[in-house]
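Okay, thanks for coming, everyone. I've got one model to walk you through today, so let me put it up on the screen.

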Amino acid sequence: MSDSHLTFCFLSSILALIVITFIFTKRKKPTLNLPPGHTGWPLLGETIGYLRTYQALRLGEFMENHIARYGTIYRSNLFGEPAIVSADAGLNRFIMQNEGKLFEASYPKSLGGVLGKWSMLVIVGDMHRDMRNISLNFLSYSRVRFHLFKDIDYHARRVIFSWKHNSTISAQKEARRFTFNLMAKQIMSLDPGKPETEQLKTEYVSFMKGVVSLVPLNLPGTAYRKAIKARSTILKFIEAKMEERAKRVQKGEAVEEENDLLNWVVTNTNLSNEQMLDLILSLLFGGHETSSVAIALAIYFLPGCPRAMQQLREEHVEIVTSKKKTGEVELTWDDYKKMEFTHCVLNETLRLGNVVRYLHRKAIKDVRYKGYDIPRGWKVLPVISAAHFDPQHFDQPHQFNPWRWQGSNGKADNNFMPFGGGSRYCAGSELAKVEMAVFIHHLILNYNWELLEGDEPFVYPYVDFPKGLPIKVQATSSSI
Ligand code: HEM
């Protein structure tokens with residue numbers, strides 16, 4: 001073979017290799033069909049607009065404008081990452097049902113800094129499954145029914161019966177008092193009003209401010225820095241409780257609080273101290289903040305709908321009247337089960353109030369949905385509240401209409417997702433509903449109330465009443 005022949009062969013092989021590589025790379029990297037959208041400013045993206053405060057009874061200007069412009073699935077840049085936002089109920093369900101397979105929870109790192117690296121919101125995979133099992137055990141239907149119910153009733157009465165006729169109270173603060181006392185008792189057997197419980201509450205308030213702070217900077221004076229400090233004080237507090245328990249067990253002393261979470265975790269799990277502390281803090285956080293806002297929302301909605309107020313009162317008067325006939329005094333699980341219209345009010349409150357607006361996820365595989373690509377590693381935000389405001393799913397969605405739930409036997413349709421879904425479905429949903437129903441029971445039987453100072457709920461992005469929802473309460477003539 002001549003030299004020129006060899007050179008020709010060599011060059012044609014190189015050329016063939018280039019062509020093959022070109023075709024192969026072209027094939028391997030097809031152009032992505034990303035949802036439409038806008039990535040906003042460098043680094044910040046559209047985060048500021050996304051987090052801007054808005055009235056809670058709407059989806060918010062940012063979401064409404066983006067949906068009108070791009071549709072219910074759009075791309076953006078949020079929290080420093082490229083993101084897909086989904087206001088599509090179908091995609092939201094798909095995301096939640098594919099937890100661990102195509103998507104996984106991915107809350108901002110700053111949240112892990114305060115809630116802890118073992119927090120339920122932060123962990124994924126096997127560790128999440130184990131911690132979830134512990135939480136489900138603590139919050140199981142039968143435990144709520146046979147163990148927590150009495151306590152829920154006691155703590156609701158304790159708060160509600162402390163109000164004076166014709167006084168002004170902060171409904172939000174009172175609802176928080178109720179849910180905090182209940183959780184502190186259930187988790188660590190702390191009694192309301194005792195100095196240690198009050199100290200924990202004060203620390204917890206600082207902690208909460210940091211969890212929800214929009215500027216998670218660990219700098220002197222910031223809410224975030226204060227929250228990290230409060231977290232370490234709370235953890236020391238819980239640790240001291242655990243040591244005290246362990247000593248008593250060693251001494252062979254009876255541990256009366258054997259039914260609280262602390263004892264259960266110490267005796268039934270292999271969790272490390274740090275894991276136990278983060279779990280306890282997660283449950284204190286998850287179980288206190290959300291349900292108290294839900295109760296405040298119900299207190300806010302009801303005066304605007306006198307017919308619902310009337311029907312609700314009739315239902316509860318009927319329950320107590322029939323109990324009186326049998327000489328029964330205490331509220332029971334059977335009474336709770338009779339609260340049919342109350343359940344319609346609860347569902348409607350959760351639908352319109354949307355305590356949790358959206359979830360944080362990331363795609364762990366390349367995903368294709370309805371022709372759109374969601375690239376691996378991208379942030380994904382299922383906006384679970386969007387379907388609740390969609391007239392295709394709920395007629396006249398901005399109206400508070402508890403009757404829309406009548407005949408549903410308490411079962412909601414699958415576009416209603418206040419508690420999320422899939423393998424991260426809220427572990428405390430049953431507890432939350434019982435807390436709301438029992439609180440409403442005592443409230444409606446004992447008081448009329450009017451809203452003051454025109455307070456209304458806003459999204460910060462957590463839902464809150466800026467003035468604490470001040471109400472004036474008047475004891476009903478038939479206070480029970
Ligand atoms: C109206 C009140 C409540 C609402 C609207 C609510 C909503 C939610 C939502 C949407 C999630 C899913 C988060 C995600 O997928 O990333 C969740 C998870 C969770 N919730 Fe609730 N929640 C409420 C009350 C409670 C209560 C009373 C507890 C009791 C301690 C609780 C404990 C939890 C826990 C432990 C998780 C994590 C579940 C997991 O990751 O497996 N929640 N909640």
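Before anything else, one definition: when I say two residues are in contact, or touch, I mean that their C-beta atoms, placed from the backbone, lie within 7 Å. Also, helices (H or I, at least four residues) and strands (E, at least two) are DSSP runs, numbered from the N terminus.

Keep in mind that this is a predicted model, so local features need pLDDT of at least 70, side-chain atom pairs count only at pLDDT 80 or more, and totals for chains, interfaces and linings use all residues. Residues are numbered from 1 along each chain as its sequence is written.

The protein chain has 16 helices and 13 strands. Of its 480 residues, 40% count as buried. Buried here means 20 or more other C-beta atoms within 10 Å of the residue's own, exposed means 12 or fewer, and partly exposed is in between, again with C-beta atoms placed from the backbone. And if you take contacts between residues at least 6 apart in sequence, 72% of them join residues at least 24 apart.

Let's start with helix α7, residues 141-160. There's a kink in α7 of about 60°, centred on L148. The bend at a residue is the angle between axes fitted to the seven residues ending there and the seven starting there. L148 is also one of the buried residues of α7, along with V144, F149, I152 and D153, among others. So what covers those buried residues of α7? The cover includes α8 (171-188), α14 (333-337) and α16.

Now, the ligand. The shell around it has 24 residues, and the closest are G286, G287, G420, C426 and G428. For the record, near means that a residue's C-beta atom, placed from the backbone, lies within 6 Å of the molecule or strand. Which helix gives the most to that shell? It's α12, with seven residues. Helices α6 (125-138), α12 (273-301) and α16 (429-446) each supply at least two. By type, the shell splits into 14 nonpolar, eight polar and two charged residues. In that count Ala, Val, Leu, Ile, Met, Phe, Trp, Tyr, Cys and Pro are nonpolar, Asp, Glu, Lys and Arg are charged, and the others, Gly among them, are polar.

On to the cores. A nonpolar core is a set of buried Ala, Val, Leu, Ile, Met, Phe, Trp, Tyr and Cys residues joined through C-beta atoms within 7 Å. The largest has 92 residues, and those touching the most other members are I187, I280, A294, A296, A298, I299 and M436. Helix α12 gives the most to this core, with 17 residues. Apart from it there's another core, of 29 residues, including Y50, I84, V85 and A387.

Take A296 as an example. Leaving aside neighbours within four places in sequence, A296 is in contact with A171, Q172, A175, F465 and L469. As a rule, most residues other than glycine have a negative phi. L469 sits in the loop between β12 and β13. Is L469 buried or exposed? Buried, because 25 other C-beta atoms lie within 10 Å.

Compare Q396, another non-glycine with a positive phi, near 40°. Q396 lies in the loop between β9 (379-382) and α16, and Q396 is exposed, with 9 other C-beta atoms within 10 Å.

Back to the loop between β12 and β13 (470-475), where we also find P466. P466 is partly exposed, with 13 other C-beta atoms within 10 Å. Not counting residues up to four places away in sequence, P466 touches D455 and F458. The C-alpha atoms of P466 and E456, ten residues apart along the chain, are separated by 7.4 Å.

F458 takes us to the strands. Two strands pair if DSSP finds at least two bridges between them. There's an open sheet of three, in the order β1-β11-β12, with antiparallel pairing. β1 (54-55) and β12 (463-464) are at the edges with a single partner strand each, so one side of each has no neighbour in the sheet. Two bridges join β11 (458-459) to β12, and F458 stands opposite D464.

Last, β13. Four bridges join β5 (167-170) to β13, antiparallel, with S170 partnering P470. Five bridges join β10 (447-451) to β13, also antiparallel, and there L451 has I471 as its bridge partner.
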